[in-house]
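Please give a short briefing on the structure below. Keep it grouped by topic, with the terms spelled out.

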Amino acid sequence: MSQRVDKYHHQEIENRWRHKWETDDAYRAEINNQPKYYALTMLPYPSGDLHIGHWYAITPSDAHARFKRMQGYNVLFPMGFDAFGLPAENAAIKRGIHPFKWTIANVQKMREQLKSMGAIFDWKREIVSCLPDYYRWTQWFFLKFYEKGIAYKKFAPVDFCPQCNTTLAREQVWGEDRHCERCDTPVVKKELSQWFFKITDYADELLDFSKIDWPERVITMQQNWIGRSEGAEVLFHTESGQEIKIFTTRPDTLWGVTFMVLAPEHPLVNEITAGEYRDKVSQYVLQASRQTEIERLATGKEKTGVFTGAYAINPVNNEKVPIWIADYVMMGYGTGAIMAVPAHDERDFEFARKFNLPVKIVIAPAGSNGQIELQTAYTDVETGYMVNSADFNGVPAGEGKAKVTKWLEQKGIGSKTVNYRLRDWLISRQRYWGAPIPIIYCEKCGTVPVPYQDLPVLLPEDAEFLPTGESPLRYHDGFRKTTCPTCGGPAERETDTMDTFMCSSWYQYGYLSPYYKGDVPFDKQEGQYWLPVDIYTGGVEHACMHLIYTRFFTKVMRDLGLINFDEPMVKLRNQGIILGEDSEKMSKSRGNVIAPDDLVQKYGADAVRVYLMFGWRWEQGGPWDSRGIEGMFRFVNRIWELVLETVPAASSQEEEKLIIRKNHQTIAKATREIESFSFNTYLASLMEFSNVLVKHKARVYGSDAWNQAVRTLLLLLAPACPYFTEEIWDRLGLEYSIHNQKWPVYNPELAAEETIEIVIQINGKIREKITIPVHSAEDQIKETALNHPTIVPLIQGKNLKKVIVVPERLVNIVVA
């Protein structure tokens with residue numbers, strides 16, 4: 001007689017097991033003799049609420065970490081909070097609450113939300129980057145970088161509001177007209193002395209991806225961001241003798257230069273501009289300062305520019321060419337000056353046509369006589385030959401680059417060089433809520449680093465936040481005024497704070513020994529055991545900032561002798577994005593935001609977890625579907641009933657053999673899919689297995705095959721559904737905890753099918769399908785096919801030419 005089971009009460013069960021795991025310290029990760037596995041997912045910013053995107057990134061990553069743990073690895077899966085940032089400072093201004101209080105309150109709320117996921121976070125390793133015991137080490141890294149010559153200071157442009165008299169973060173500049181979010185005043189660029197890191201010293205090494213297993217998409221994005229180009233650096237001079245250095249990837253087109261263009265910010269602009277052109281040039285420089293790089297470099301943007309009234313001399317032919325300024329040339333790329341070859345560059349061609357500047361062809365298509373009509377720039381310069389280029393006429397363009405470069409070096413007017421799109425990392429922020437830069441300025445001693453024993457340089461708790469958004473550190477005498485550690489005289493502190501990417505560039509090391517009290521940022525024994533990170537998960541949007549910065553940090557740490565490896569994370573996997581049900585990006589203004597807390601309350605964490613893993617390919621994501629979460633809720637409850645609801649014992653040898661075979665096939669499939677982060681197909685294999693068990697339950701219930709199959713199903717499902725599998729395992733009277741059990745291993749022999757279906761063809765046309773024992777002999781297959789009732793009348797009386805057997809696929813009978 002069947003006995004129904006009570007309903008799955010997810011709230012009570014999840015709360016009980018979460019308390020049990022915390023009490024038992026079940027997921028504490030400590031050094032032992034097992035092979036280690038350091039799993040890491042990108043830490044969240046404490047905005048106050050976990051959104052569904054956090055769940056989509058974290059819970060499948062947790063499932064994979066649980067899977068590795070069950071495979072016998074000692075798994076570290078830590079969690080923390082990237083807690084510095086502009087939103088906290090805005091909250092201080094708008095709500096009158098200190099950023100620290102706002103941030104810590106959010107951390108406390110989000111920590112509880114994270115715990116509801118049922119993840120195996122080792123909370124004793126939590127780090128919060130805004131705590132002084134953490135940013136002490138961020139400042140320690142700055143000092144080490146400064147000692148090594150990697151940290152330096154120079155002038156660089158920032159967005160500046162003249163009305164508020166303050167610098168603005170990118171997020172504070174609004175609209176296409178780029179105005180201040182607070183007062184609507186047009187924003188301008190302003191030069192400030194700021195701190196940089198020499199990430200460009202590591203550019204070539206950052207282009208080496210041979211030691212890491214990262215997605216091709218991320219590798220390509222980083223390659224493009226670093227932007228390595230080989231070419232020549234060439235010296236032009238103005239008529240009055242000022243040097244203008246340019247970089248070109250096509251030195252073979254130097255004879256086609258008909259004008260030069262400087263970036264509006266170029267330091268020579270003011271020096272060379274003739275008097276009658278000054279007003280127009282000044283106006284244009286101001287206009288360019290109000291545009292973003294993206295706006296200035298946009299494809300299709302109409303070319304604008306102003307003539308300076310000055311001329312340069314082309315060093316290869318001594319021709320005089322006019323010098324213009326234009327916003328499509330950036331001071332941050334190359335040298336901030338270009339030689340313009342309109343015949344062979346689209347942007348230069350558009351500019352020349354607009355301002356009636358000459359166009360001179362110096363590369364002609366193969367087979368032409370060098371006289372070609374240009375309706376657009378001729379850019380297929382690899383296959384042509386040089387023309388109008390003095391002694392280089394007739395040289396194939398593919399050879400011209402190297403030959404001209406060598407000639408330039410012989411003449412002393414140029415040299416072979418490598419250029420990078422990558423620029424040094426600007427770490428200065430004119431904000432309060434960040435790690436203070438540990439530098440002191442003394443009139444007598446100059447720039448003085450804060451002594452290590454004086455770290456951390458603390459943010460003042462009594463800072464007064466101005467409605468303009470200016471950093472209160474600039475006006476806080478208690479913070480700003482100090483004593484020089486070298487001479488003891490009066491001095492001032494640096495009032496800039498560090499980019500928040502500083503804190504997240506080394507946080508994976510911070511988890512090893514949170515808030516360590518030693519003389520280096522983490523315990524060396526912990527580092528030797530756990531490092532490097534084995535798997536890192538997070539969004540692809542971090543490819544060109546955080547993921548480059550953390551690689552850079554690791555390479556510097558290696559050179560400082562802190563670690564003995566080159567890359568921070570061996571393997572990287574990216575999740576996609578969950579959209580609203582309207583297929584649009586989730587936002588409060590659209591009203592399409594999905595609140596995970598409400599889903600957990602209604603359906604339980606396990607149902608939310610499996611929906612996020614099953615609903616889409618994890619690396620792609622897609623639109624939310626409320627019907628999908630309902631389906632996963634039914635699936636969880638169906639497994640609950642399948643395993644716990646009893647029926648009369650029964651036995652069917654044939655069906656038991658089928659269950660055993662499906663059991664081992666599912667182990668193989670589920671293992672392969674979860675290992676490769678294919679969570680949807682991993683869960684699909686378990687759903688298929690559960691369907692088989694439902695179908696045959698009445699005839700195999702209580703048998704060894706059934707009991708083993710149920711245990712396998714629960715073990716395979718445990719990484720995805722930690723709560724309810726733990727509850728069912730406990731109700732079955734099995735050893736606590738299911739998450740401490742070994743991952744099932746499949747037996748290939750038991751997984752093998754006993755029969756296989758193949759087709760029978762006559763002269764290549766399918767006539768029948770038959771089921772035969774696996775590994776049947778070829779003669780036996782031929783005999784079965786030729787004597788099949790469907791086949792006999794079709795070949796009777798015909799000349800049998802041959803019978804072709806393709807093992808495990810088909811039999812083709814050839815007759816005439």
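**Briefing on the predicted model**

Gly-149 lies in the loop that connects helix H5 (132–147) with strand E3 (151–161); helices (H or I, at least four residues) and strands (E, at least two) are DSSP runs, numbered from the N terminus. This is a predicted model, in which local features need pLDDT of at least 70 and side-chain atom pairs count only at pLDDT 80 or more, while totals for chains, interfaces and linings use all residues. Residues are numbered from 1 along each chain as its sequence is written, and side-chain values use heavy atoms, with hydrogens and water left out.

**Overall**

- The protein has 27 helices and 31 strands.
- Its C-alpha trace spans about 100 × 85 × 50 Å along the principal axes.
- Of the 816 residues in the protein, 54% are buried; buried means under 20% relative accessible area, exposed over 50%, and partly exposed in between (1.4 Å probe, protein chains only).
- Taking contacts (heavy atoms within 4.5 Å) between residues at least 6 apart in sequence, 73% join residues at least 24 apart.

**Two residues in context**

- Gly-149 counts as partly exposed, because its relative accessibility is 31%.
- Gly-149 and Phe-197 are 48 residues apart in sequence, and their C-alpha atoms are 8.8 Å apart in space.
- Gln-222 belongs to helix H7 (residues 216–226).
- With a relative accessible area of 0%, Gln-222 is buried.
- Leaving aside residues up to four places away in sequence, Gln-222 touches Phe-209, Trp-214, Ala-543, Cys-544, Leu-547, Ile-548 and Arg-551.
- From Gln-222 to Ser-47 the separation is 175 residues in sequence and 28 Å in space, C-alpha to C-alpha.

**The four-stranded parallel sheet**

- Strands of a sheet pair through backbone hydrogen bonds, either parallel or antiparallel.
- Four strands form an open sheet in the order E2-E1-E24-E25, with parallel pairing; two strands pair if DSSP finds at least two bridges between them.
- Strand E2 (74–76) and strand E25 (569–575) are at the edges with a single partner strand each, so one side of each has no neighbour in the sheet.
- From one strand to the next, the twist averages 20 degrees; axes are lines fitted to C-alpha atoms, for helices over the stretch in contact, and angles run from 0 to 180 degrees between N-to-C directions.
- Strand E1 (residues 36–41) runs parallel to E2 and is joined to E2 by three bridges.
- Tyr-38 is opposite Leu-76 in E2.
- Helix H2 (residues 52–70) packs on this sheet and touches E1, E2, strand E24 (533–539) and E25. The direction of H2 makes about 175 degrees with that of E1.

- Eight bridges pair strand E28 (residues 755–762) with strand E29 (residues 765–773) in the antiparallel sense.
- Ile-756 is opposite Ile-772 in E29.
- Two residues separate E28 and E29 in a hairpin, and Asn-763 in the turn has a positive phi of about 55 degrees.
- E28 also runs parallel to strand E31 (residues 810–815), joined by four bridges.
- Ile-762 has Ile-813 as its bridge partner in E31.

- Strand E19 (residues 439–442) and strand E20 (residues 446–449) pair in the antiparallel sense over four bridges, forming a hairpin with three residues between them.
- Ile-439 is opposite Pro-449 in E20.
- E19 also pairs in the antiparallel sense with strand E22 (residues 490–493), over two bridges, where Ile-440 is opposite Arg-493.

- The structure holds one cavity of 30 Å³ or more. On a 1 Å grid over the protein atoms alone, a cavity is a set of points where a 1.4 Å probe fits but cannot get out, and a pocket is an open set with protein on both sides within 12 Å along at least five of seven lines; lining residues have an atom within 4 Å of a point.
- The largest cavity has about 30 Å³ of space; grid points are joined across faces, edges and corners, and a volume is the space filled by probe spheres set on the points.
- Residues lining the largest cavity include Trp-137, Trp-506 and Tyr-515.
- The second largest pocket has about 810 Å³ of space.
- Its lining has 29 residues, and the closest to its centre are Phe-247, Thr-248, Thr-249, Ile-338 and Arg-347.
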